[in-house]
Amino acid sequence: MIKTMEFKLDTRLWSTKARNLTPYVPGEQPKHDNLCKLNTNENPFPPSPKVAEAIAEALVNQADQLRLYPAPESDELRQALAEAYGLNLNQVFVGNGSDEVLALVFASFFMKERPLLAPDISYSFYPVYAETFGVDLIKIPLSSDFSIETDDYRQPCSGIIIANPNAPTGILMSLEAIDKLTGEHPNAVVVIDEAYIDFADKEAVSAISLIDKHDNLLVTQTFSKSRSLAGLRVGMAFGDPSLIEALTRMKNSFNSYPLDRLAQAGALASVKDVSYFKDTCCKVIELREQLVKDLSELEFEVLPSQANFVFARPTQGNASEIAQDLREQGIIVRYFNQPRINDYLRITIGTAEQNQRLIEALKQIASV
């Protein structure tokens, strides 16, 4: 057991910034036996076996290299990503998880006189970044069906940031809407956070396809979800070379070596194993469709998700009570106690066995 010393918090040596910050609260990571963990949108499948092989190779046959700093710009990984997405090397940036990439985005593009626009219901780290970097954030309400209306963003701004598919709703914004939004704000950086895009249906297209058309478009992605590498911490951004250069300058003012040698080796192996990547994404989509069907039969209202989670509302609107009842049975889902969405549960897509355990537990709760 890890022990911590009890102490009285003394903030007299803290900066004003540190004292006033309200940190992001990550999803709970409990450690219990037989836990059904459906609260942090981790992939139910392991990463490509080639990832472990590449890391083992780096450890066994290149162990001496660990005494040396890693490639500061992760050029080999960036080149592989560029080839995978039909881009040039200078259109790709990588960092220590997409959270670090997003922090650099806020520091590079949004610290201006004009405000940043974002949906009122979205990734809860965005307001934390805004507070940390002193960015004036204006929250634009989602429509009554939780979709994003581009006309609502027609106002002066330094940038716009949208998670697509959105979190926690899972709703996808069309490529046409992103094209329109970006074109209407030529002097603002439009960031499309595609952490879950690989779980969208086949007809959905990444906003990466619009990069050559819009020099103000930046698309961020992560290895944490669709590539099952949340523990490796690798994120990336795609955009015009001028945007990538700004991120690189900001990175080198904070941390010149964000990805260690093992992370670079593992991520590179993941990018190269295309068939495994596509296969696991298809499996998650199939599991999502089945879970939506099962929840609907239990009379849950389920929003049209294109992510590896669903946002579901029980008929009785007692989401908080159900979340607690599930917890008592060792099943953890995410509940957000905030206006407009406090009747919903965000449920990560698990394995077929985990999903079935959830459904059986919900049936039991409903029968009580």
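**Sheets, packed helices and salt bridges in the predicted model**

Because Asp 279 and Lys 283 lie four residues apart in helix H9 (residues 274–297), about one helical turn separates them. In this predicted model, the two residues form a salt bridge, with 3.3 Å between the closest N and O atoms. Asp 279 is partly exposed, at a relative accessible area of 36%. Lys 283 is likewise classed as partly exposed, at 35% relative accessibility. A network of salt bridges with shared partners joins Asp 151, Arg 154, Lys 180 and Glu 184.

The count of salt bridges comes to 15. One of them links Asp 179 to Lys 213, with the closest N and O atoms 2.8 Å apart. This pair connects distant parts of the chain: Asp 179 belongs to helix H6 (residues 175–183), whereas Lys 213 is in the loop between S6 and S7, and the two are 34 residues apart. Lys 213 is exposed, its relative accessible area being 54%. A further salt bridge joins the side chains of Glu 42 and Lys 37, at an N to O distance of 2.7 Å. Glu 42 is partly exposed, with a relative accessible area of 30%. Lys 37 has 18% relative accessibility and therefore counts as buried, the cut-off for that class being under 20%.

Seven strands make up an open sheet with mixed pairing, in the order S2-S8-S7-S6-S5-S3-S4. Its edges are strand S2 (92–95) and strand S4 (137–140); each has a single partner strand, so one side of each lacks a neighbour in the sheet. On average, neighbouring strands of this sheet are turned by 20° against each other, direction ignored. Four bridges pair strand S3 (residues 116–119) with S4 in the parallel sense. Ala 118 stands opposite Lys 139 in S4.

Helix H3 (residues 75–85) touches S2, strand S7 (217–222) and strand S8 (235–239), and its direction makes about 130° with that of S2. Helix H5 (residues 125–133) also packs on the sheet, where it touches S4, strand S5 (159–163) and strand S6 (189–193); the direction of H5 makes about 160° with that of S4.

The other open sheet has five strands, ordered S1-S11-S12-S10-S9, and its pairing is also mixed. Strand S1 (36–38) and strand S9 (301–302) are the edge strands, each pairing on one side only. S1 and strand S11 (residues 331–335) run parallel and are joined by three bridges. Within this pairing, Val 333 in S11 is the bridge partner of Leu 38.

Helix H10 (residues 319–328) lies across S11 and strand S12 (345–348), and runs at about 155° to S11. Helix H11 (residues 352–367) lies across S1, S11 and S12, at about 95° to S1.

On the surface, a nonpolar patch is formed by Phe 7, Leu 9, Leu 13 and Trp 14, which together have about 500 Å² of accessible area. Leu 13 is located in the segment before helix H1 (16–20). With a relative accessibility of 70%, Leu 13 counts as exposed, since that class begins over 50%.

How values were computed. Residues are numbered from 1 along each chain as its sequence is written. This is a predicted model: local features need pLDDT of at least 70, side-chain atom pairs count only at pLDDT 80 or more; totals for chains, interfaces and linings use all residues. Side-chain values use heavy atoms; hydrogens and water are left out. Two strands pair if DSSP finds at least two bridges between them. Contact means heavy atoms within 4.5 Å. Axes are lines fitted to C-alpha atoms, for helices over the stretch in contact, and angles run from 0 to 180 degrees between N-to-C directions. Patches are made of residues with over 30% relative accessible area and no salt bridge: like charges are joined within 9 Å, nonpolar side chains (Val, Leu, Ile, Met, Phe, Trp, Tyr) within 5 Å. Accessible areas come from the Shrake-Rupley method with a 1.4 Å probe; for residues, only the protein chains shown count as cover. A salt bridge is a side-chain nitrogen of Lys or Arg within 4 Å of a carboxyl oxygen of Asp or Glu. Buried means under 20% relative accessible area, exposed over 50%, partly exposed in between (1.4 Å probe, protein chains only).
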